[in-house]
There are 2 protein chains.
Amino acid sequence: MWRNPIRFCRACAAAVEYRVPDDGDSRARAVCSSCGTIHYENPLNVVGTVPVWGDRVLLCRRAIEPRRGKWTLPAGFMELGETTAEGALRETREEAGADVALEGLFTLLNVARVGQVHIYYRARLLSDRFDPGHETLEARLFAEHEVPWDELAFRTVHETLRCYFDDRRRGHFGVHTGDIV
Amino acid sequence: MWRNPIRFCRACAAAVEYRVPDDGDSRARAVCSSCGTIHYENPLNVVGTVPVWGDRVLLCRRAIEPRRGKWTLPAGFMELGETTAEGALRETREEAGADVALEGLFTLLNVARVGQVHIYYRARLLSDRFDPGHETLEARLFAEHEVPWDELAFRTVHETLRCYFDDRRRGHFGVHTGDIV
Ligand SMILES: [Zn+2]
Ligand SMILES: [Zn+2]
């Protein structure tokens with residue numbers, strides 16, 4: 001999304017050029033040739049949950065690109081004005097139509113190649129009735145042996161589910177960090 | 001930084017208007033009136049370290065606004081193309097001129113009011129010689145009883161240092177999450 005080069009200034013509509021600003025910065029930025037506005041571009045956070053009901057985990061089958069038809073944990077881009085936890089709750093409600101109680105930070109996974117940080121919380125489902133939104137074809141509970149490992153949408157989802165079942169076997173949930181390269 | 005409203009399209013320079021796009025979104029975005037480009041605005045990550053040398057912690061006195069003259073842990077905005085850990089290392093090098101070995105994720109603190117997530121790693125200093133960059137007036141090691149608590153630059157720094165000394169007393173370092181409201 002929106003990672004095409006910036007061509008025009010958001011403040012005055014003049015052309016920008018990519019160059020290192022004169023303020024001590026060491027990176028090229030889109031600098032306005034007219035008003036001098038510097039346009040920073042930074043990584044995005046994707047926030048989501050591992051929603052659990054008994055020994056099963058809730059997955060959503062994606063109704064939208066990318067990875068339409070593949071299974072994912074509920075997650076999406078964090079918005080201004082919310083915390084990581086609030087964003088994770090919102091995405092769980094929007095994508096799965098599920099209400100959960102958060103149970104703590106679980107994974108923080110960097111996907112530097114696409115400028116993203118994926119942050120997942122463990123969550124306890126408050127009911128086993130779901131009402132998925134327009135981004136989801138179907139929401140369903142999976143026991144570990146039922147998880148469609150080869151049909152997961154993203155590697156961050158794969159990694160987060162693997163950590164979840166490993167930790168559960170071990171009887172202790174930690175916080176896991178990692179890089180998807 | 002750059003949280004003024006967007007006025008013009010980054011792709012075509014036409015005026016934008018804030019409205020809910022027609023793609024199922026539920027938030028107002030800056031949408032181009034001419035080419036339809038949607039300009040998303042999202043939270044920023046600030047990444048840094050708690051650099052430790054023996055029983056002392058490295059703090060930097062800020063040479064720049066905001067909070068010029070106040071003390072901070074080395075931290076700054078995460079950049080595209082790096083991981084949270086790489087960003088934390090880079091900021092420690094740039095602001096304190098210090099080389100460290102990271103020892104794990106330590107705090108994740110939301111500052112939703114300004115659209116930021118602050119992420120700190122514990123870090124072991126590899127030497128007690130520092131060469132601060134232009135953003136820092138002075139870098140110095142502080143034992144717990146020497147920390148200038150009333151002269152810290154940011155509440156995220158205060159909270160992270162408090163967690164650090166509490167955990168050290170307890171003999172166990174966890175991962176801490178919280179909201180600065
Ligand atoms: Zn301009
Ligand atoms: Zn346009």
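The tour starts at the interface between the chains and then follows a helix in each of them.

This is a predicted model, in which local features need pLDDT of at least 70 and side-chain atom pairs count only at pLDDT 80 or more, whereas totals for chains, interfaces and linings use all residues. Residues are numbered from 1 along each chain as its sequence is written, chains are lettered from A and ligands numbered from 1 in the order in which they are written, and side-chain values use heavy atoms, with hydrogens and water left out.

**The interface**

Select chain A and chain B together: 45 residues of chain A are in contact with 45 residues of chain B, contact meaning heavy atoms within 4.5 Å. The two chains bury about 3900 Å² between them, 56% of it on carbon and sulfur atoms; this area is the accessible area (1.4 Å probe) that two parts lose on being put together, summed over both.

Next, display the polar pairs. There are 19 residue pairs in polar contact across the interface of chain A and chain B, both residues being at pLDDT 80 or more, where a polar contact is a pair of N or O atoms within 3.5 Å, one able to donate a hydrogen and the other to accept it within protein, and residues adjacent in sequence count only if both atoms are side-chain atoms. The rule also finds six salt bridges across this interface (a side-chain nitrogen of Lys or Arg within 4 Å of a carboxyl oxygen of Asp or Glu). Select Arg27(A) and Glu79(B), whose side chains meet in a salt bridge at 3.9 Å, N to O.

Now colour β4 (44–53), α1 (84–96), β8 (100–111), β9 (116–125) and β11 (176–179) of chain A, each of which supplies at least two residues of the side that touches chain B; helices (H or I, at least four residues) and strands (E, at least two) are DSSP runs, numbered from the N terminus.

**Helix α1 in chain B**

Select residues 84–96 of chain B, a helix of 13 residues that reaches 18 Å from its first C-alpha to its last. Among its buried residues are Thr84(B), Glu91(B) and Glu95(B), and Arg90(B), at 13% relative accessibility, also counts as buried (under 20% relative accessible area, 1.4 Å probe, protein chains only). Leaving aside neighbours within four places in sequence, Arg90(B) is in contact with Phe77(B), Met78(B), Glu79(B) and Glu82(B). Just after the helix, Gly97(B) takes a positive phi of about 60°.

**Helix α1 in chain A**

Finally, select α1(A), where the buried residues include Gly87(A), Arg90(A) and Ala96(A), and step on to Gly97(A), which takes a positive phi of about 60° just after this helix.

Methods
The expected span of a helix is 1.5 Å times one less than its number of residues. Buried means under 20% relative accessible area, exposed over 50%, partly exposed in between (1.4 Å probe, protein chains only).
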